[in-house]
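Take each task in turn, try it yourself, and then compare your steps with the worked solution.

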Amino acid sequence: MIQHKEQWLEQASRKIKVPAELIAKAFRDELEGSPAMDAPLEIPDIMDITYKYSYGGISRFFRELRDNRKLYGSRCTQCGKVWLPPRINCNECYAPTKWVELGDTAEVMTYTIVYYGTSTFFDKVPYVCAFVKVKGADTLIMQNIFLKDIRTAKVGMKVKIQFKDQRNGDMGDFWYVPADDGHDHV
Amino acid sequence: MNKVAIVGFGTTPFRARWIEKTYYELAYDAAKLALEDAGIDKKEVGGVVYGIYNELFERQFMPDVYVHNYIGMGLKPSVRVATGGATGGAAVFVGWTWIASGLYDIVMVLGVEKATDNYNYTVGHATPETLKAILFSGDMTFENPSGLTAAASYALPLIAHIDRYGSPTQKQMAMVAVKNHKNAMNNPNAQSPKLLSVDDVLGSKMITYPFKFYDNCLYSEGASAVVLASERVARSLSDTPAWITGVGLSLDKAFAGERDDITVFSSSVHAGRDAYKMAGIKEPARELDFAELHDAFTGAEILSYEAFGFCRPGEGGRLIEDGVVEMAGSLPVNPSGGLIGCGHAVGATGVMQTGEAALQVQGRAGKRQVKGARKGLVQSIGGPATAWTAALLVEHIDQVKAKSLIKPPAGSRRKRKKK
């Protein structure tokens, strides 16, 4: 039986970053019942690591997004293919690429609607994940499409880029909205 | 290359949760069953290949090290395979190479996964946290932030396919869900045996468009092991070894947006071609007696019919409508119940399906036996948007060589006791 229940809950809450009352609910049997000595014993735990992650050669892509509201791809100096997601070298030619600014518009090549998300996105459903072909790029990139009516999502839909006001230098800095939609979705 | 046979199979039941066992305790159960089935002692095992997918599921990096110790494999050679959902099939592929190369005579391939020790305290169950653990497999810079899920990564190629061909329809997918839940009723180790109607599936709640609840496999916990052997040993252990006559492994571009055709499971096409070529299969729809496919989602099973040449592109939905892939059809798919019926204990799944294929060609599959099954295909898909496929051809071959020509290895019992 757990001794000093309040302290145990407080420590567990600090450790796994979950409110004590939710932990109390999950561990009700262990806290209040009298499980047999051989009954499976569960523990609250978490695995987390903090980073100071480097974007390496594609750092400029995220600086342009964050500082200039611009979307860049990278063009192979040999075959001319424009990559998005960008890369500093072409894996077909094994040659370097050069930065190239891409258009604001794109076409939805395929999509799905997520109605049941991961813990991180649980409160954001439903939302659209799509592969879009950005004007000027030769590959497709995965991005979210914001729609007033989620059921209007379709393959072939023309969309335009929209930037978040507070940008952090990550893929969450932009998304797409219908190209013919004049309204502000931010 | 030396011939490779499956001479033993053991699996725990696949369950929503094995609260009473750790991953290494589950692995032990599967190892013990597989060794018993092969009729050998663990001392005779030359090496072990582990299939374990997700460190965050197991709450342990390098989990294979602890399994190896727990099942008493001492200083034997060992390597872990982690290829997403394809982990099990790819682990069998690696085990196959260890024997085909002549390195070892007996190799155990052991897959295990604990998927539901994760827990979301807000909703009070595992799933959203399990999905979160999986999402770390999507490219962390470009794909993870979009809120992609495993289901979404299959839905993206599928929606493009539906847009091009008008199929599979929601109803065709529901028919696959009905079939696989029903087939699982003949499998005592399955997590989701159920008699459903097409309307039950169509009426279940939308999870990830176009997949309804019953179109999805469930996350499982469990362990499965197969014992592979060289021809010399296999002949001495069994009158009916299940031969792995073809193998293929392919890894497609990780960013699906870079692929030539997003509607095709290209890694399955390539792995399938290699496996067919090795096994001498030219007309899979005619020559195969059954298949164990990676039906993580109903639509994925249908696209796999096309990738493996059971039909032409765009015609997969017709195979379920025409009953071809039903138990009574000419090419039953997932007699075990597949992932939808059995559950998806990721690292174990492909090993389980390989073992199930062995049971089929050995005529040991009980109530789920496909009559006269001699050749079957096993598929394991994994990675972001079906990047990986491992394909295996499991076959019954009549014994042509005189058994007396083959010497049993020292220390092994001559024949498995008939069950």
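**Exercise 1.** Which residue does Leu110(B) stand opposite in E7(B)?

*Solution.* Before starting, note that this is a predicted model, in which local features need pLDDT of at least 70 and side-chain atom pairs count only at pLDDT 80 or more, while totals for chains, interfaces and linings use all residues. Residues are numbered from 1 along each chain as its sequence is written, chains are lettered from A and ligands numbered from 1 in the order in which they are written, and side-chain values use heavy atoms, with hydrogens and water left out.

- Step 1: Find Leu110(B); its opposite residue in E7(B) is Ala225(B).
- Step 2: Look at the pairing. Strand E4 (residues 106-114) of chain B runs antiparallel to E7(B), and nine bridges join them. Helices (H or I, at least four residues) and strands (E, at least two) are DSSP runs, numbered from the N terminus, and two strands pair if DSSP finds at least two bridges between them.

**Exercise 2.** Work out why strand E7 of chain B is described as largely enclosed.

*Solution.* 

- Step 1: Recall the cut-offs: buried means under 20% relative accessible area, exposed over 50%, and partly exposed in between (1.4 Å probe, protein chains only).
- Step 2: Count. Ten of the ten residues in strand E7 (residues 221-230) of chain B are buried, so the rest of the structure largely encloses this strand.
- Step 3: Check the two faces. One side carries Glu221(B), Ala223(B), Ala225(B), Val227(B) and Ala229(B), the other Gly222(B), Ser224(B), Val226(B), Leu228(B) and Ser230(B), and all are buried.

**Exercise 3.** Describe how covered helix H12 of chain B is, and what follows this helix.

*Solution.* 

- Step 1: Helix H12 (residues 298-307) of chain B is mostly covered, with ten of its ten residues buried. Among them are Glu301(B), Leu303(B) and Tyr305(B).
- Step 2: After H12(B) comes Gly309(B), which has a positive phi near 75°.

**Exercise 4.** Locate Arg259(B) and decide: is Arg259(B) buried or exposed?

*Solution.* 

- Step 1: Arg259(B) sits in the loop between strand E8 (242-251) and helix H10 (266-279) of chain B.
- Step 2: Its relative accessibility is 11%, so Arg259(B) counts as buried.
- Step 3: Follow the side chain of Arg259(B). A polar atom there lies 2.7 Å from the backbone oxygen of Lys253(B), and the side chain also reaches the backbone oxygen of Ala385(B) at 2.6 Å.

**Exercise 5.** Find the order of the strands in the open sheet of chain A, and identify the edges.

*Solution.* 

- Step 1: The three strands are ordered E2-E1-E3 (chain A), with antiparallel pairing.
- Step 2: Strand E2 (82-83) and strand E3 (97-101) of chain A are at the edges; each has a single partner strand, so one side of each lacks a neighbour in the sheet.
- Step 3: Zoom in on one pair. Strand E1 (residues 72-76) of chain A is joined to E2(A) by two bridges, and Ser74(A) has Trp83(A) as its bridge partner.

Note on methods: A polar contact is a pair of N or O atoms within 3.5 Å; within protein, one must be able to donate a hydrogen and the other to accept it, and residues adjacent in sequence count only if both atoms are side-chain atoms.
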